Amino acid sequence: MYTGTLINDLMATVERAERGVFQKQIVDEMELLRMFDLQATQVHGEPVYAGAA
C-alpha cells in the first residue's frame, strides 16, 4: 500500500549512496597521501622510493 513516503524514501536512499561515495573518496585520498609520503621518505640523506625496482 502506498504511504506517501516514496519521494522521501528515494531521497534518503540517494543521500546514503552519496555519503558512501564521499567517504570512500576520502579514504582513497588518504591512501594516496600516505603513498606519496612514503615516496618522499629519506634514509641517511638519500631518497627511498616505495615500490621502486
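This is a predicted model: local features need pLDDT of at least 70, side-chain atom pairs count only at pLDDT 80 or more; totals for chains, interfaces and linings use all residues.
Student: What does the protein average in pLDDT?

Tutor: pLDDT is the predictor's confidence in each residue, from 0 to 100. Here the average is 80, and 64% of the residues score at least 70. Among the elements, α1 has the highest mean, 90, while strand β1 (residues 42–43) has the lowest, 56.

Student: Which elements does the protein have, and in what order?

Tutor: Helices (H or I, at least four residues) and strands (E, at least two) are DSSP runs, numbered from the N terminus. This protein has one helix and two strands, running α-β-β from the N terminus. Helix α1 covers residues 6–39.

Student: How much of the protein counts as buried?

Tutor: Buried means under 20% relative accessible area, exposed means over 50%, and partly exposed is in between (1.4 Å probe, protein chains only). Of the 53 residues, 0% count as buried. Areas come from the Shrake-Rupley method with a 1.4 Å probe, and for residues only the protein chains shown count as cover. The total is about 5,100 Å², with 64% belonging to carbon and sulfur atoms.

Student: Which residues form a nonpolar patch?

Tutor: Patch members have over 30% relative accessible area and no salt bridge; nonpolar side chains (Val, Leu, Ile, Met, Phe, Trp, Tyr) are joined within 5 Å, like charges within 9 Å. Here they're Leu-6, Ile-7, Leu-10 and Met-11, together about 400 Å² of accessible area. Leu-6 sits in helix α1 and is partly exposed, at 49% relative accessibility.

Student: How many salt bridges are there, and where?

Tutor: A salt bridge puts a side-chain nitrogen of Lys or Arg within 4 Å of a carboxyl oxygen of Asp or Glu. The whole structure has two. Lys-24 pairs with Asp-28 at 3.0 Å, N to O; they are four residues apart in helix α1, so about one helical turn separates them. Glu-31 pairs with Arg-34 at 2.8 Å, N to O, and those two are three residues apart in α1, again about one helical turn.

Student: Are Asp-28 and Arg-34 buried or partly exposed?

Tutor: Asp-28 is partly exposed at 37%, and Arg-34 is partly exposed at 43%.

Notes. Residues are numbered from 1 along each chain as its sequence is written. Side-chain values use heavy atoms; hydrogens and water are left out.
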